[in-house]
Amino acid sequence: MSAALIDTNVLVYAHDADAPQKQARAIALVRELATTGEGAVCVQVLGEYVNVVARKFRHRLDMSEALDQARALTALFTVHDTTPEVVLEAGRGVERHGFAFYDAQIWAVARLNGISLVYTEEFTHGREVEGVRFENPFRT
């Protein structure tokens, strides 16, 4: 079982030479989670990652490079699907906890797959919701 779910922003920062401190931290965290086998991503994160690095990122990759990176991530980490159960649980997260829907899907993937930690900038650092804790790896 995976110990930590990695959100899109962590993966994007690993490529962001404009933010060298965040880039170094993201690279170190991704390497650590890949080496220990404790990291996971979800399909939503892979899709967001490809979109950001190929279309929105200042130092864009071409689509074939972005897809190669996504393939590499699937080889490094457990990949969790966005299932109908995830969508319904995310909806509950929106209603009960006030999450934005796509953030709620990240939480739902972690909760439904027994992952107790999500590395992200999107939630309040240290917040725990129904057994899922959010940590901002870039917090100083």
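Which residue just after α6 takes a positive phi? Gly-114 does, at about 70 degrees.

## Basis of the model

This is a predicted model, in which local features need pLDDT of at least 70 and side-chain atom pairs count only at pLDDT 80 or more, while totals for chains, interfaces and linings use all residues. Residues are numbered from 1 along each chain as its sequence is written, and side-chain values use heavy atoms, with hydrogens and water left out.

## Helix α6

Helices are DSSP runs of H or I with at least four residues, strands are runs of E with at least two, and both are numbered from the N terminus. Helix α6 has twelve residues. From its first C-alpha to its last, α6 reaches 16 Å, close to the expected 16 Å; the expected span is 1.5 Å times one less than the number of residues.

Buried residues in α6 include Ala-104, Ile-106, Trp-107 and Val-109. Here buried means under 20% relative accessible area, exposed means over 50%, and partly exposed lies in between (1.4 Å probe, protein chains only). Arg-111 counts as partly exposed, at 30% relative accessibility.

A salt bridge is a side-chain nitrogen of Lys or Arg within 4 Å of a carboxyl oxygen of Asp or Glu. The count by this rule is eight salt bridges. In one of them, the side chains of Glu-89 and Arg-111 meet at 2.5 Å, N to O. Glu-89 lies in helix α5 (residues 84–97) and Arg-111 in helix α6 (residues 101–112), so this pair ties together parts that are 22 residues apart in sequence. Glu-89 counts as buried, at 10% relative accessibility.

Glu-130 meets Arg-96 in a salt bridge at 4.0 Å, N to O. This pair links distant parts of the chain, 34 residues apart: Glu-130 is in the loop between β5 (128–129) and β6 (132–135), and Arg-96 is in helix α5. Glu-130 is partly exposed at 32% relative accessibility, and Arg-96 is exposed at 60%.

Glu-130 also forms a salt bridge with Arg-111, at 3.4 Å, N to O. Because Glu-130 lies in the loop between β5 and β6 and Arg-111 in helix α6, the pair ties together parts 19 residues apart in sequence. Salt bridges that share partners join Glu-89, Arg-92, Arg-96, Arg-111 and Glu-130 into one network.
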